[in-house]
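Q: I have a model open and want to learn how to read it. Can we begin with a helix and what covers it?

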Amino acid sequence: MNPVMNLWCKRATIVVLLILIVTLGASTVYRASISPKERTDFTVYRAAGQAVLAGTNIYEAHNTRGWLFMSLPAFAVAMVPFAWINVFWGSLLWYLLSVGMIGHAVHLSVKMARRLFPGCPLEGFWLYVLSLLLVLPQTMSGITRGQPSLLVAYLVTLGAWCYLQKREWIAGACLAASIVVKVFPALMLAYFVWKRRWLMTLAMAVWLALLILVVPSMVFGVRGNQSLLHQWLTLVAERVSTMGAAKDERYQQTFDPHLKRNQSLQAVVIRWFVSDETDAEGANGRLLIARRVAAVLNGVVLVVLIWT
């Protein structure tokens, strides 16, 4: 590309990116603090932080739409600073932090890509742009809804980078923190055990013990934290996996495969096979097929991870 044209393309891309950041920020803050119908997860986590300050049950904390808190207790403790400020400034701060985490995660991803594929022909700037475009649709949805999935993605990315840099204890802290927010990164612990990365396994185990047992006990007391962990197991982990889960409010809030915001592999496959127009008789058969397909795909992903 002509150097002058390349320069103008870069400038245009930066301008578009800045406009996008401002537009998404306005939408995010509006959803959280101005819209009469809250369409954000941020206020759920802020409510959990308020429950910590008030000494009430974090698993009864909810926003005005009735959405309930479902993460481990340490995440509620981490949200206390947002409970000290009003929703407008809190949602704006959460958004700015999310933008910063996305930017740093893309930066780390590019560095890892260059390390794995040193012969990549793309110029650095355009490699950053390509990396951002690959995750932009999901990122835009998550950031405007104030979801913590961006925090999880950032912690996992930072943990992977630190692991490659032989900084196992920092990597373990990042991955353990991601588990506190959303429990599914715990599969990475099984991965490190399988690979016999014992120092990394130990680091994750120590940090998990600190974040799940020690830190919350300093806030809620040992018995209080044990009670909260028991509630998490019974209200979140167990209930949504039972046969009657479809009628459970927490299941419908997050795990229902027919919710478009549920982007888990199984949920996406189920939506492929079972549409809203499918009759009740055909739905059961298609649901069984969808779950089997999802299980196969999950198995393929697991094999690829183990092989790499």
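A: Start with contact, which means heavy atoms within 4.5 Å. Helices are DSSP runs of H or I with at least four residues, and strands are runs of E with at least two, numbered from the N terminus. Here, the cover over the buried residues of helix 8 includes helix 3 (73–78), helix 7 (149–164), helix 9 (187–194) and helix 10. This is a predicted model, where local features need pLDDT of at least 70, side-chain atom pairs count only at pLDDT 80 or more, and totals for chains, interfaces and linings use all residues. Residues are numbered from 1 along each chain as its sequence is written, and side-chain values use heavy atoms, with hydrogens and water left out.

Q: How many of the 14 residues of helix 8 are buried?

A: Buried means under 20% relative accessible area, exposed means over 50%, and partly exposed lies in between (1.4 Å probe, protein chains only). Eleven of the 14 are buried, so helix 8 is largely enclosed by the rest of the structure. Among them are Glu-168, Cys-174, Ser-178 and Val-181.

Q: How far apart are the end C-alpha atoms of helix 8?

A: First get the expected span: 1.5 Å times one less than the number of residues. Helix 8 (residues 168–181) should span 20 Å, and its end C-alpha atoms are 20 Å apart, which agrees.

Q: How do I read aromatic pairs?

A: Use the distance of the ring centres and the angle of the planes. Rings of Phe, Tyr and Trp (its six-membered ring) pair if their centres lie within 6.5 Å; planes under 30 degrees apart are stacked, over 60 edge-to-face, and the rest tilted. The whole structure holds ten aromatic pairs. In one of them, Phe-42 and Phe-82 sit edge-to-face, 5.7 Å centre to centre with 80° between the planes. This pair links distant parts of the chain: Phe-42 is in helix 2 (residues 42–54) and Phe-82 in helix 4 (residues 80–83), 40 residues apart.

Q: Is Phe-42 buried or exposed?

A: Phe-42 is buried, at 1% relative accessible area. Phe-82 is buried too, at 8%.

Q: What kind of pair do Phe-69 and Phe-75 form?

A: Their planes meet at 25° and their centres are 6.4 Å apart, so the pair is stacked. Phe-69 is buried at 0%, and Phe-75 is buried at 5%.
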